[in-house]
Amino acid sequence: MADIAALTALIEPEVQALGFDLVRIKLFGSGDDYTLQIMAENPRTKQLVIEDCATISRRLSDVLDEADPIEEAYRLEVSSPGIDRPLTRLHDFQEWAGHEAKISASEIVSGRKSFRGVVNGVDGDEILFTDAKSGDVRIPFALVDEAKLLLTDALIAASMPLSSDGADEFETEE
């Protein structure tokens, strides 16, 4: 299996050169069915449109073919992080303060490893969080295994689509 840190060192400069921010790199699968998932975003909109995904995919395909950092055969998948996005960078917790999230820690923090509640921002390298069961906690970013926003009406309102042009032109067969 490929080293994610080495993949990040290869991929992140290419994504940034195109004007996007890298959100996450994940390699998953088994046997002869692996997927290299690249999540990126436009820093202004926090989203990607399909053309952005295609642009990033073409650029990364060339770079990955040349460097050949993954021994196994794999499928390249480039996507936007979506509305209920993963929170993978410390500044994500500041940017999405006020929204509900789930956090899984690698070690026990304030008597728990799983949290569900509201992100309140960051202080240094700690996430400020109000857990629905245990109240206010400070979770060291280094101990975060996984974190993701929860789909709520407030999150949907904050993540309105970039464009709905053409949506009213969609026709269905009757």
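A salt bridge joins the side chains of Glu14 and Arg59, with an N to O distance of 2.7 Å. This pair links distant parts of the chain, since Glu14 belongs to helix H1 and Arg59 to helix H2 (residues 50–67), 45 residues apart. Arg59 has a relative accessibility of 30% and therefore counts as partly exposed. The model is predicted, and 11 salt bridges are counted in it.

A second pair, Arg75 and Asp33, meets at 2.8 Å, N to O. Arg75 is in strand E3 (residues 74–79) and Asp33 in strand E2 (residues 33–41), so the bridge ties together parts 42 residues apart in sequence. Arg75 is partly exposed at 45% relative accessibility, as is Asp33 at 42%.

In the salt bridge between Arg112 and Asp131, the closest N and O atoms are 2.3 Å apart. Strand E5 holds Arg112 and strand E6 (residues 126–131) holds Asp131, so parts 19 residues apart in sequence are tied together. Arg112 is partly exposed at 22% relative accessibility, whereas Asp131, at 3%, is buried. Salt bridges with shared partners also join Glu41, Lys46, Arg85, Arg89, Asp92 and Glu95 into one network.

The largest pocket contains about 530 Å³ of space. Its lining comprises 25 residues, of which Arg24, Pro86, Thr88, Glu146 and Ala147 are the closest to the centre. By class, the lining consists of 13 nonpolar, 4 polar and 8 charged residues. At least two lining residues come from each of helix H1 (4–17) and strands E1 (21–30), E4 (100–109), E5 (112–123) and E8 (144–149).

An unreviewed UniProt entry annotates residues 87–152 as "domain: Ribosome maturation factor RimP C-terminal". This stretch is 9% helix and 61% strand, with its end C-alpha atoms 16 Å apart.

Key: Residues numbered from 1 in each chain as written. Predicted model: local features only at pLDDT ≥ 70, side-chain atom pairs only at ≥ 80, totals over all residues. Heavy atoms only, no water. 1 Å grid on protein atoms, 1.4 Å probe; cavity = no way out; pocket = protein on both sides within 12 Å on 5 of 7 lines; lining within 4 Å. Points joined across faces, edges and corners; volume = space filled by probe spheres on them. Helix = DSSP H or I, 4+ residues; strand = E, 2+ residues; numbered from the N terminus. Nonpolar A, V, L, I, M, F, W, Y, C, P; charged D, E, K, R; others polar. UniProt positions renumbered as here; feature names shortened; annotations may be inferred. Salt bridge = Lys/Arg side-chain N within 4 Å of Asp/Glu carboxyl O. Buried < 20%, exposed > 50% of the residue type's maximum accessible area, 1.4 Å probe, protein only.
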